[in-house]
Amino acid sequence: MKPKEVLEFAKKNKCEMVDVKFLDLPGMWQHCTFPISELEEGIFNDGWGFDGSSIRGWQAIHASDMLIIPDPTTAIMDPFTKYPTLSMIAYIHDPITKEPYTRDPRNVARKAEAYLSSLGIGDTAYFGPEAEFFVFDDVRYRSDESGAFYQVDSMEAQWNTGKDEGPNLGHKPRYKEGYFPVPPTDSHMDMRSEMAMVMQQCGIDIEAHHHEVATAGQGEIDMRFSPLKSMADKLMLFKYIVKNVAKRYNKTATFMPKPVWNDNGSGMHIHQSIWKDGKPLFAGDKYGGLSGMALNYIGGILKHASALSALVAPTTNSYKRLVPGFEAPVNLAYSSRNRSAAIRIPMYSPNPKAKRIETRFPDPSCNAYLAFSALLMAGLDGIQNKIDPGQPLDKDIYGLTPEELAEVPSIPGTLDEAIDALEADHDFLLKGDVFTQDVVDTWISYKRENEINELRLRPHPFEFTMYYDI
(Lines give C-alpha, C1' and ligand atoms only; values in the text may rest on other atoms or scores of the structure.)
Protein backbone atom coordinates (compact mmCIF):
# COMPACT_ATOMS: atom_id res chain seq x y z
CA MET A 1 0.00 0.00 0.00
CA LYS A 2 0.93 3.63 -0.51
CA PRO A 3 0.51 6.25 2.27
CA LYS A 4 -2.91 7.42 1.02
CA GLU A 5 -4.08 3.83 0.74
CA VAL A 6 -2.95 3.18 4.33
CA LEU A 7 -5.08 6.07 5.56
CA GLU A 8 -8.06 4.70 3.62
CA PHE A 9 -7.38 1.19 4.96
CA ALA A 10 -7.31 2.52 8.53
CA LYS A 11 -10.57 4.37 8.01
CA LYS A 12 -12.25 1.36 6.41
CA ASN A 13 -11.27 -0.83 9.37
CA LYS A 14 -12.29 1.84 11.92
CA CYS A 15 -8.84 1.86 13.47
CA GLU A 16 -8.48 3.57 16.81
CA MET A 17 -4.74 3.10 17.24
CA VAL A 18 -1.65 2.70 15.06
CA ASP A 19 1.18 0.46 16.27
CA VAL A 20 4.67 0.80 14.79
CA LYS A 21 7.18 -2.04 15.17
CA PHE A 22 10.95 -2.19 14.67
CA LEU A 23 13.85 -4.44 15.65
CA ASP A 24 16.60 -3.87 18.18
CA LEU A 25 20.10 -5.10 17.35
CA PRO A 26 19.86 -8.53 19.06
CA GLY A 27 16.66 -9.24 17.16
CA MET A 28 13.55 -8.58 19.29
CA TRP A 29 10.58 -6.58 18.03
CA GLN A 30 9.92 -3.28 19.82
CA HIS A 31 6.83 -1.14 19.36
CA CYS A 32 5.20 2.20 20.06
CA THR A 33 1.46 2.94 19.76
CA PHE A 34 -0.22 6.19 18.74
CA PRO A 35 -3.86 7.32 18.53
CA ILE A 36 -5.03 7.02 14.95
CA SER A 37 -5.50 10.82 14.88
CA GLU A 38 -1.69 11.10 14.89
CA LEU A 39 -1.41 9.23 11.59
CA GLU A 40 -1.14 11.70 8.73
CA GLU A 41 0.33 11.31 5.28
CA GLY A 42 3.34 13.41 6.26
CA ILE A 43 4.34 10.84 8.91
CA PHE A 44 5.59 8.56 6.12
CA ASN A 45 8.28 11.19 5.43
CA ASP A 46 8.75 12.91 8.77
CA GLY A 47 8.25 10.01 11.19
CA TRP A 48 7.89 10.12 14.97
CA GLY A 49 10.67 10.86 17.43
CA PHE A 50 11.80 8.43 20.15
CA ASP A 51 14.70 7.70 22.52
CA GLY A 52 17.22 5.44 20.77
CA SER A 53 19.45 5.12 23.84
CA SER A 54 16.92 2.80 25.49
CA ILE A 55 17.10 0.26 22.65
CA ARG A 56 19.62 -2.57 23.00
CA GLY A 57 22.74 -2.07 20.87
CA TRP A 58 21.76 1.41 19.70
CA GLN A 59 22.57 5.02 20.54
CA ALA A 60 24.51 6.53 23.44
CA ILE A 61 22.60 8.78 25.81
CA HIS A 62 24.19 11.95 24.41
CA ALA A 63 22.89 11.20 20.88
CA SER A 64 19.66 9.45 21.65
CA ASP A 65 17.08 11.16 19.43
CA MET A 66 15.92 8.97 16.54
CA LEU A 67 13.08 8.93 14.00
CA ILE A 68 10.76 6.00 13.41
CA ILE A 69 9.25 6.09 9.91
CA PRO A 70 6.56 3.51 9.14
CA ASP A 71 6.73 1.52 5.91
CA PRO A 72 3.27 1.74 4.27
CA THR A 73 3.81 -1.53 2.37
CA THR A 74 3.71 -3.46 5.66
CA ALA A 75 0.32 -2.23 6.88
CA ILE A 76 -2.01 -4.88 8.37
CA MET A 77 -4.58 -5.07 11.13
CA ASP A 78 -3.00 -6.33 14.34
CA PRO A 79 -4.79 -9.63 15.07
CA PHE A 80 -4.39 -9.51 18.86
CA THR A 81 -5.36 -6.05 20.09
CA LYS A 82 -8.62 -5.27 21.91
CA TYR A 83 -9.09 -2.01 20.02
CA PRO A 84 -8.84 -1.96 16.18
CA THR A 85 -5.16 -1.28 15.58
CA LEU A 86 -3.26 -0.62 12.39
CA SER A 87 0.19 -2.26 12.52
CA MET A 88 3.23 -1.29 10.44
CA ILE A 89 6.93 -2.14 10.46
CA ALA A 90 9.26 0.85 10.41
CA TYR A 91 12.66 2.07 9.29
CA ILE A 92 14.82 4.09 11.67
CA HIS A 93 16.44 7.36 10.59
CA ASP A 94 18.78 9.95 12.04
CA PRO A 95 16.70 13.05 12.92
CA ILE A 96 19.41 15.51 11.85
CA THR A 97 20.76 14.02 8.63
CA LYS A 98 17.55 12.08 7.82
CA GLU A 99 19.85 9.27 6.71
CA PRO A 100 18.80 5.65 7.37
CA TYR A 101 20.25 4.44 10.67
CA THR A 102 23.15 2.05 10.10
CA ARG A 103 22.25 -0.15 13.10
CA ASP A 104 18.65 -0.59 12.00
CA PRO A 105 18.62 -4.28 10.97
CA ARG A 106 15.89 -3.67 8.42
CA ASN A 107 18.09 -1.08 6.74
CA VAL A 108 20.90 -3.65 6.52
CA ALA A 109 18.53 -6.02 4.71
CA ARG A 110 17.46 -3.25 2.34
CA LYS A 111 21.10 -2.56 1.48
CA ALA A 112 21.82 -6.26 0.97
CA GLU A 113 19.07 -6.48 -1.65
CA ALA A 114 20.33 -3.31 -3.34
CA TYR A 115 23.88 -4.70 -3.39
CA LEU A 116 22.73 -7.88 -5.13
CA SER A 117 21.01 -5.84 -7.82
CA SER A 118 24.05 -3.58 -8.26
CA LEU A 119 26.28 -6.55 -9.08
CA GLY A 120 24.11 -7.66 -11.99
CA ILE A 121 24.30 -11.25 -10.70
CA GLY A 122 20.58 -11.42 -9.96
CA ASP A 123 17.70 -9.17 -8.97
CA THR A 124 16.01 -11.22 -6.23
CA ALA A 125 17.32 -13.35 -3.36
CA TYR A 126 14.61 -15.68 -2.11
CA PHE A 127 14.70 -16.96 1.47
CA GLY A 128 12.55 -19.59 3.15
CA PRO A 129 13.24 -20.22 6.86
CA GLU A 130 11.84 -23.22 8.75
CA ALA A 131 11.55 -21.86 12.29
CA GLU A 132 11.01 -24.52 14.94
CA PHE A 133 9.66 -23.69 18.39
CA PHE A 134 8.45 -25.19 21.66
CA VAL A 135 5.08 -24.57 23.31
CA PHE A 136 5.14 -25.18 27.08
CA ASP A 137 2.43 -25.10 29.72
CA ASP A 138 4.73 -23.63 32.35
CA VAL A 139 8.18 -22.04 32.45
CA ARG A 140 10.03 -20.77 35.49
CA TYR A 141 13.59 -19.54 35.91
CA ARG A 142 15.75 -17.45 38.23
CA SER A 143 19.37 -16.40 38.41
CA ASP A 144 20.71 -14.24 41.22
CA GLU A 145 23.42 -14.32 43.87
CA SER A 146 21.55 -16.91 45.96
CA GLY A 147 21.15 -19.46 43.19
CA ALA A 148 19.92 -20.34 39.74
CA PHE A 149 17.44 -22.72 38.19
CA TYR A 150 15.11 -23.22 35.24
CA GLN A 151 12.10 -25.46 34.89
CA VAL A 152 9.90 -26.09 31.87
CA ASP A 153 6.84 -28.29 31.73
CA SER A 154 4.36 -29.53 29.16
CA MET A 155 1.32 -31.78 29.25
CA GLU A 156 2.94 -33.42 26.21
CA ALA A 157 6.27 -34.10 27.92
CA GLN A 158 7.45 -37.70 28.12
CA TRP A 159 8.75 -37.01 31.63
CA ASN A 160 5.12 -36.61 32.77
CA THR A 161 3.96 -40.15 31.92
CA GLY A 162 3.86 -40.94 35.64
CA LYS A 163 2.30 -37.68 36.82
CA ASP A 164 -1.18 -37.59 38.39
CA GLU A 165 -3.03 -35.33 35.99
CA GLY A 166 -6.48 -36.38 37.15
CA PRO A 167 -6.46 -38.41 34.91
CA ASN A 168 -3.22 -38.83 32.96
CA LEU A 169 -4.29 -40.02 29.49
CA GLY A 170 -0.81 -41.16 28.57
CA HIS A 171 -0.52 -39.88 24.99
CA LYS A 172 2.84 -38.12 25.17
CA PRO A 173 5.47 -38.12 22.39
CA ARG A 174 8.49 -40.23 23.30
CA TYR A 175 11.90 -38.55 23.26
CA LYS A 176 12.97 -37.93 19.67
CA GLU A 177 9.71 -39.46 18.35
CA GLY A 178 7.57 -36.34 17.93
CA TYR A 179 7.92 -36.33 14.10
CA PHE A 180 5.01 -36.78 13.61
CA PRO A 181 2.27 -38.85 15.28
CA VAL A 182 -1.42 -37.99 14.88
CA PRO A 183 -3.64 -36.66 17.71
CA PRO A 184 -4.18 -37.28 20.55
CA THR A 185 -0.38 -37.67 20.87
CA ASP A 186 -0.01 -34.46 18.86
CA SER A 187 -2.18 -32.38 21.17
CA HIS A 188 -1.23 -29.04 19.54
CA MET A 189 -2.72 -29.60 16.10
CA ASP A 190 -5.65 -27.20 16.52
CA MET A 191 -3.44 -24.56 18.11
CA ARG A 192 -0.94 -24.72 15.25
CA SER A 193 -3.84 -24.56 12.76
CA GLU A 194 -5.03 -21.38 14.46
CA MET A 195 -1.51 -19.97 14.27
CA ALA A 196 -1.38 -20.81 10.55
CA MET A 197 -4.79 -19.27 9.88
CA VAL A 198 -3.89 -16.03 11.66
CA MET A 199 -0.66 -15.92 9.65
CA GLN A 200 -2.62 -16.28 6.42
CA GLN A 201 -4.97 -13.50 7.50
CA CYS A 202 -1.87 -11.32 7.94
CA GLY A 203 -0.56 -12.07 4.45
CA ILE A 204 1.85 -14.92 5.18
CA ASP A 205 1.55 -17.87 2.78
CA ILE A 206 1.66 -21.15 4.71
CA GLU A 207 2.63 -24.48 3.16
CA ALA A 208 2.26 -26.91 6.11
CA HIS A 209 2.49 -27.34 9.86
CA HIS A 210 3.40 -30.34 12.00
CA HIS A 211 4.76 -31.57 15.30
CA GLU A 212 8.53 -31.68 15.42
CA VAL A 213 10.94 -34.36 16.70
CA ALA A 214 11.17 -33.45 20.38
CA THR A 215 8.74 -34.29 23.13
CA ALA A 216 7.18 -31.48 25.21
CA GLY A 217 5.45 -29.58 22.42
CA GLN A 218 7.96 -28.87 19.65
CA GLY A 219 6.37 -27.66 16.44
CA GLU A 220 7.03 -26.19 13.01
CA ILE A 221 4.97 -24.09 10.60
CA ASP A 222 6.40 -23.71 7.10
CA MET A 223 6.10 -20.41 5.24
CA ARG A 224 6.38 -20.04 1.47
CA PHE A 225 9.61 -18.34 0.38
CA SER A 226 9.79 -14.57 -0.22
CA PRO A 227 12.45 -11.97 -1.09
CA LEU A 228 15.01 -11.38 1.66
CA LYS A 229 13.67 -8.31 3.47
CA SER A 230 10.04 -9.31 3.03
CA MET A 231 10.83 -12.76 4.44
CA ALA A 232 12.52 -11.23 7.48
CA ASP A 233 9.40 -9.09 8.03
CA LYS A 234 7.26 -12.22 7.81
CA LEU A 235 9.47 -14.14 10.23
CA MET A 236 9.08 -11.42 12.86
CA LEU A 237 5.31 -11.46 12.35
CA PHE A 238 5.44 -15.28 12.47
CA LYS A 239 7.09 -15.20 15.92
CA TYR A 240 4.61 -12.60 17.14
CA ILE A 241 1.67 -14.74 16.04
CA VAL A 242 3.05 -17.99 17.46
CA LYS A 243 3.62 -16.42 20.87
CA ASN A 244 0.27 -14.65 21.04
CA VAL A 245 -1.83 -17.57 19.84
CA ALA A 246 -0.06 -19.79 22.39
CA LYS A 247 -1.05 -17.25 25.05
CA ARG A 248 -4.70 -17.58 23.95
CA TYR A 249 -4.40 -21.25 24.91
CA ASN A 250 -2.79 -20.32 28.24
CA LYS A 251 0.52 -21.67 26.98
CA THR A 252 3.89 -20.10 26.29
CA ALA A 253 5.96 -20.39 23.10
CA THR A 254 9.72 -20.00 22.80
CA PHE A 255 12.19 -19.89 19.92
CA MET A 256 15.10 -20.57 22.27
CA PRO A 257 17.33 -23.09 20.42
CA LYS A 258 17.82 -25.60 23.26
CA PRO A 259 15.29 -25.29 26.11
CA VAL A 260 15.08 -29.07 26.73
CA TRP A 261 18.11 -31.19 27.58
CA ASN A 262 18.53 -34.63 26.02
CA ASP A 263 16.14 -34.06 23.11
CA ASN A 264 16.22 -32.19 19.81
CA GLY A 265 16.68 -28.45 19.84
CA SER A 266 14.95 -25.88 17.63
CA GLY A 267 16.78 -25.01 14.45
CA MET A 268 15.88 -22.78 11.54
CA HIS A 269 16.94 -24.30 8.24
CA ILE A 270 17.12 -21.48 5.69
CA HIS A 271 16.39 -22.17 2.01
CA GLN A 272 18.02 -19.74 -0.43
CA SER A 273 18.12 -19.10 -4.16
CA ILE A 274 18.90 -16.24 -6.54
CA TRP A 275 16.71 -15.30 -9.50
CA LYS A 276 17.00 -12.81 -12.35
CA ASP A 277 14.23 -11.57 -14.66
CA GLY A 278 11.89 -14.19 -13.23
CA LYS A 279 14.28 -17.09 -13.88
CA PRO A 280 15.97 -19.28 -11.24
CA LEU A 281 19.78 -19.19 -11.37
CA PHE A 282 20.55 -22.07 -9.01
CA ALA A 283 19.27 -24.84 -11.32
CA GLY A 284 21.82 -26.58 -13.54
CA ASP A 285 23.49 -29.81 -14.59
CA LYS A 286 26.06 -30.09 -11.82
CA TYR A 287 25.91 -31.92 -8.49
CA GLY A 288 22.40 -32.18 -7.06
CA GLY A 289 20.95 -30.44 -10.13
CA LEU A 290 22.68 -27.20 -9.19
CA SER A 291 24.35 -24.58 -11.37
CA GLY A 292 27.97 -23.53 -11.05
CA MET A 293 26.72 -20.28 -9.52
CA ALA A 294 24.89 -22.19 -6.80
CA LEU A 295 27.99 -24.27 -6.00
CA ASN A 296 30.08 -21.11 -5.72
CA TYR A 297 27.38 -19.64 -3.44
CA ILE A 298 27.75 -22.74 -1.26
CA GLY A 299 31.52 -22.27 -1.35
CA GLY A 300 31.14 -18.76 0.02
CA ILE A 301 28.94 -19.88 2.89
CA LEU A 302 31.30 -22.73 3.80
CA LYS A 303 34.32 -20.43 3.66
CA HIS A 304 32.72 -17.88 5.97
CA ALA A 305 30.66 -20.32 8.07
CA SER A 306 32.56 -19.75 11.30
CA ALA A 307 31.99 -16.00 11.09
CA LEU A 308 28.40 -16.48 9.93
CA SER A 309 27.73 -18.58 13.02
CA ALA A 310 28.02 -15.45 15.16
CA LEU A 311 25.01 -13.99 13.30
CA VAL A 312 22.88 -17.03 12.40
CA ALA A 313 23.41 -18.98 15.66
CA PRO A 314 23.98 -15.94 17.85
CA THR A 315 23.28 -17.08 21.42
CA THR A 316 25.26 -19.07 23.95
CA ASN A 317 22.30 -21.46 23.99
CA SER A 318 22.67 -22.03 20.22
CA TYR A 319 25.75 -24.14 20.84
CA LYS A 320 23.89 -26.47 23.19
CA ARG A 321 22.11 -27.57 19.99
CA LEU A 322 25.16 -27.54 17.72
CA VAL A 323 27.15 -30.35 19.35
CA PRO A 324 29.17 -32.82 17.21
CA GLY A 325 28.01 -36.42 17.35
CA PHE A 326 24.33 -35.70 18.01
CA GLU A 327 22.97 -35.41 14.45
CA ALA A 328 23.48 -31.66 14.57
CA PRO A 329 24.39 -29.94 11.26
CA VAL A 330 27.86 -28.93 12.41
CA ASN A 331 29.93 -30.41 9.56
CA LEU A 332 31.14 -27.80 7.08
CA ALA A 333 30.22 -29.71 3.97
CA TYR A 334 27.33 -29.92 1.52
CA SER A 335 25.23 -32.87 0.46
CA SER A 336 22.10 -33.70 -1.51
CA ARG A 337 20.65 -35.72 1.37
CA ASN A 338 22.94 -35.80 4.39
CA ARG A 339 21.17 -33.81 7.11
CA SER A 340 24.22 -33.61 9.34
CA ALA A 341 25.96 -31.47 6.71
CA ALA A 342 25.87 -27.70 7.16
CA ILE A 343 24.32 -27.29 3.71
CA ARG A 344 21.82 -29.62 2.05
CA ILE A 345 20.41 -29.59 -1.46
CA PRO A 346 16.71 -30.53 -1.22
CA MET A 347 15.82 -33.18 -3.80
CA TYR A 348 12.02 -33.15 -3.50
CA SER A 349 11.28 -31.74 -6.95
CA PRO A 350 13.00 -31.71 -10.39
CA ASN A 351 11.37 -28.35 -11.20
CA PRO A 352 14.15 -25.76 -11.79
CA LYS A 353 12.09 -23.19 -9.87
CA ALA A 354 12.32 -25.41 -6.77
CA LYS A 355 16.11 -25.69 -6.94
CA ARG A 356 17.68 -24.11 -3.90
CA ILE A 357 20.19 -24.68 -1.13
CA GLU A 358 19.34 -25.20 2.53
CA THR A 359 21.66 -23.87 5.24
CA ARG A 360 21.04 -25.97 8.34
CA PHE A 361 23.12 -24.53 11.19
CA PRO A 362 21.10 -21.31 11.82
CA ASP A 363 18.46 -21.18 14.54
CA PRO A 364 15.42 -18.96 15.24
CA SER A 365 17.13 -16.92 17.97
CA CYS A 366 18.85 -14.90 15.23
CA ASN A 367 18.08 -11.41 14.04
CA ALA A 368 16.50 -12.42 10.72
CA TYR A 369 17.47 -9.27 8.83
CA LEU A 370 21.14 -9.60 9.80
CA ALA A 371 21.24 -13.38 9.39
CA PHE A 372 19.67 -13.40 5.92
CA SER A 373 21.84 -10.48 4.80
CA ALA A 374 25.02 -12.14 6.06
CA LEU A 375 24.20 -15.42 4.29
CA LEU A 376 23.58 -13.55 1.05
CA MET A 377 26.83 -11.61 1.39
CA ALA A 378 28.81 -14.80 2.00
CA GLY A 379 27.16 -16.49 -0.97
CA LEU A 380 27.81 -13.51 -3.23
CA ASP A 381 31.44 -13.50 -2.15
CA GLY A 382 31.58 -17.12 -3.24
CA ILE A 383 30.08 -16.26 -6.64
CA GLN A 384 32.33 -13.25 -7.19
CA ASN A 385 35.49 -15.20 -6.31
CA LYS A 386 34.33 -18.53 -7.80
CA ILE A 387 34.95 -20.33 -4.52
CA ASP A 388 35.02 -24.11 -4.94
CA PRO A 389 32.95 -25.81 -2.21
CA GLY A 390 35.00 -29.00 -2.53
CA GLN A 391 33.54 -32.48 -2.79
CA PRO A 392 30.06 -33.22 -1.41
CA LEU A 393 29.75 -35.32 1.73
CA ASP A 394 27.34 -38.10 0.86
CA LYS A 395 28.66 -40.67 3.31
CA ASP A 396 27.09 -41.43 6.66
CA ILE A 397 28.91 -39.11 9.06
CA TYR A 398 28.60 -41.65 11.84
CA GLY A 399 30.16 -44.35 9.65
CA LEU A 400 33.33 -42.35 8.97
CA THR A 401 36.61 -43.44 10.49
CA PRO A 402 38.31 -41.01 12.93
CA GLU A 403 40.81 -40.22 10.18
CA GLU A 404 38.07 -39.40 7.66
CA LEU A 405 36.10 -37.36 10.20
CA ALA A 406 39.19 -35.33 11.08
CA GLU A 407 39.24 -34.04 7.50
CA VAL A 408 35.72 -32.60 7.80
CA PRO A 409 35.83 -29.13 9.43
CA SER A 410 33.03 -28.04 11.75
CA ILE A 411 31.43 -24.81 12.87
CA PRO A 412 32.56 -23.19 16.16
CA GLY A 413 31.70 -24.99 19.37
CA THR A 414 30.77 -21.89 21.36
CA LEU A 415 29.47 -18.37 20.78
CA ASP A 416 32.83 -17.11 22.03
CA GLU A 417 34.61 -18.93 19.20
CA ALA A 418 32.05 -17.71 16.68
CA ILE A 419 32.46 -14.09 17.74
CA ASP A 420 36.26 -14.44 17.47
CA ALA A 421 35.76 -15.80 13.95
CA LEU A 422 33.52 -12.86 13.02
CA GLU A 423 36.12 -10.43 14.35
CA ALA A 424 38.75 -12.05 12.13
CA ASP A 425 36.57 -12.52 9.03
CA HIS A 426 34.01 -9.86 8.18
CA ASP A 427 35.33 -7.96 5.16
CA PHE A 428 32.80 -9.81 2.98
CA LEU A 429 30.00 -8.19 5.02
CA LEU A 430 31.31 -4.67 4.43
CA LYS A 431 31.03 -4.77 0.65
CA GLY A 432 28.54 -2.27 -0.72
CA ASP A 433 28.31 -0.73 2.77
CA VAL A 434 25.71 -3.40 3.60
CA PHE A 435 27.13 -4.00 7.07
CA THR A 436 29.14 -1.06 8.37
CA GLN A 437 32.20 -1.57 10.57
CA ASP A 438 30.21 0.07 13.35
CA VAL A 439 27.46 -2.57 13.11
CA VAL A 440 29.99 -5.42 13.19
CA ASP A 441 31.92 -3.91 16.10
CA THR A 442 28.75 -3.20 18.06
CA TRP A 443 27.50 -6.76 17.53
CA ILE A 444 30.80 -8.21 18.72
CA SER A 445 31.05 -6.00 21.81
CA TYR A 446 27.37 -6.49 22.70
CA LYS A 447 27.64 -10.27 22.54
CA ARG A 448 30.85 -10.36 24.57
CA GLU A 449 29.77 -7.94 27.26
CA ASN A 450 26.10 -8.83 27.66
CA GLU A 451 26.00 -12.55 26.94
CA ILE A 452 29.34 -14.37 26.84
CA ASN A 453 30.90 -12.67 29.88
CA GLU A 454 27.65 -12.69 31.88
CA LEU A 455 27.31 -16.45 31.45
CA ARG A 456 30.99 -16.99 32.11
CA LEU A 457 30.71 -15.28 35.50
CA ARG A 458 27.90 -17.43 36.88
CA PRO A 459 28.10 -20.89 38.44
CA HIS A 460 25.95 -23.39 36.55
CA PRO A 461 23.47 -25.56 38.49
CA PHE A 462 24.97 -28.72 37.00
CA GLU A 463 28.36 -27.75 38.41
CA PHE A 464 26.91 -28.42 41.86
CA THR A 465 26.01 -31.94 40.70
CA MET A 466 29.53 -32.49 39.42
CA TYR A 467 31.70 -30.65 41.91
CA TYR A 468 29.97 -29.82 45.22
CA ASP A 469 31.45 -32.83 47.05
CA ILE A 470 35.03 -32.45 45.86
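**View 1. E358 and R344 form a salt bridge.** Their side chains meet with an N to O distance of 2.6 Å; a salt bridge here is a side-chain nitrogen of Lys or Arg within 4 Å of a carboxyl oxygen of Asp or Glu. E358 lies in strand 18 (residues 357-359) and R344 in strand 17 (residues 341-344), so the pair ties together parts that are 14 residues apart in sequence. Strands are DSSP runs (E, at least two residues), numbered from the N terminus. Both E358 and R344 are buried, where buried means under 20% relative accessible area, exposed over 50%, and partly exposed in between (1.4 Å probe, protein chains only). The model is predicted: local features need pLDDT of at least 70 and side-chain atom pairs count only at pLDDT 80 or more, while totals for chains, interfaces and linings use all residues. Residues are numbered from 1 along each chain as its sequence is written, and side-chain values use heavy atoms, with hydrogens and water left out.

**View 2. D19, K21 and D78 belong to a network of salt bridges.** D19 and K21 are both buried. The whole structure holds 24 salt bridges.

**View 3. R142 and D144 are joined by a salt bridge.** The N to O distance between their side chains is 3.3 Å. R142 counts as partly exposed because its relative accessibility is 38%. D144, at 37% relative accessibility, also counts as partly exposed.

**View 4. Side chains alternate along strand 3 (residues 48-51).** W48 and F50 point to one face and are buried. Strand 3 runs antiparallel to strand 4 (residues 65-70), and 4 bridges join them; two strands pair if DSSP finds at least two bridges between them. Opposite D51 stands D65 of strand 4.

**View 5. V139, Y141, Y150 and W261 make a nonpolar surface patch.** The patch covers about 570 Å². Patches are made of residues with over 30% relative accessible area and no salt bridge, with like charges joined within 9 Å and nonpolar side chains (Val, Leu, Ile, Met, Phe, Trp, Tyr) within 5 Å. Accessible areas come from the Shrake-Rupley method with a 1.4 Å probe, and for residues only the protein chains shown count as cover. Y150, one of the patch residues, is found in strand 9 (residues 147-153). Y150 is exposed, with a relative accessible area of 52%.
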